[in-house]
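Trainee: I am new to this structure. Please show me how to read its features.

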Amino acid sequence: MNFALILFVLLLISGAIWAVDACFLRKRRPAGAKDPWWVEYGASFFPVILVVFVLRSFLVEPFKIPSGSMIPTLQVGDFILVNKYTYGIRLPVLNRKIIDINNPQRGDVMVFRYPEDPSLDYIKRVIGVPGDSIAYLNKKLTINGQPVPTTRIDDYLHSERLYYSRQFIERLDSAQHQTLNDEDAPPYIQGPVQFPNRQDCSYNAAGVICKVPPGQYFVMGDNRDNSRDSRYWGFVPEQNIVGKAFFIWLNFSDLKRIGSFR
């Protein structure tokens, strides 16, 4: 369901009712006459829908985390806010950039339209930007020939399934975050699909090596062995970008999770 499109249609309908009533119908009604129900509801909802539409389209948009691919950074059930303008101003519904501001940087947690089905929104971490050479071999990440620094910390307990994953602090440029690896998961990429620019990637028993094309981004989940990401379905085109995730505003299972994250 395209909520942005539904909101846009409601905005047009309520705005048309408000405009027609203000310019024509109100002048023809007898003094003191009650507004028709469709005018009363349509015109009264217009400013509310307008505010919601502007906020959601150009400032911040809420999302809910549906899967565990970004554990430990984001948990299933986290409600997050996404900055809609940090990567540029885009036309609502069409998602076409009209004003350039910033570009995604390595380490950003980014929401985007899933390339295989743009009706779905995905969230992953930006690993490679245009021109980067990305290698993920034997569960070790290398960018442009330089190994990404990692530090092993205490294992992570998945409380809902009662098993442990190896946990690391990973440093991408000036930012750092935590990642997980399952020791018993194989290093090779199982079942990558055919995707645009796949000729820029090579697969072997140790993993994958990719050259990020112009206007594309390479993304991965922090829960590395439980994330279907660019290793499997390819690159994220610039036109699919929705925004940068930056704040957890609610989790019904753990109210202490409210706050910003990296």
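Mentor: Start with Cys201 and Cys210: a disulfide joins them, S to S 2.0 Å. A disulfide is a covalent bond between the sulfur atoms of two cysteines. Here the term is applied to a pair of cysteine sulfur atoms within 2.5 Å. This is a predicted model: local features need pLDDT of at least 70, side-chain atom pairs count only at pLDDT 80 or more, and totals for chains, interfaces and linings use all residues. Residues are numbered from 1 along each chain as its sequence is written, and side-chain values use heavy atoms, with hydrogens and water left out.

Trainee: How many disulfides does the structure hold?

Mentor: One.

Trainee: Why is the disulfide of Cys201 and Cys210 called right-handed?

Mentor: Look at the torsion about the S-S bond. It is about 115°, so the disulfide is right-handed.

Trainee: Are Cys201 and Cys210 buried or exposed?

Mentor: Buried means under 20% relative accessible area, exposed over 50%, partly exposed in between (1.4 Å probe, protein chains only). Cys201 has 11%, so it is buried. Cys210 has 2% and is buried too. Cys23, at 42%, is partly exposed.

Trainee: Where is Gln167 found?

Mentor: Strands (E, at least two residues) are DSSP runs, numbered from the N terminus. Gln167 lies in strand β11, residues 163–172. Its relative accessibility is 7%, so Gln167 counts as buried.

Trainee: Which side chain makes a polar contact with the side chain of Gln167?

Mentor: A polar contact is a pair of N or O atoms within 3.5 Å; within protein, one must be able to donate a hydrogen and the other to accept it, and residues adjacent in sequence count only if both atoms are side-chain atoms. For Gln167, the partner is the side chain of Gln178, at 2.5 Å.

Terms used
Helix = DSSP H or I, 4+ residues; strand = E, 2+ residues; numbered from the N terminus.
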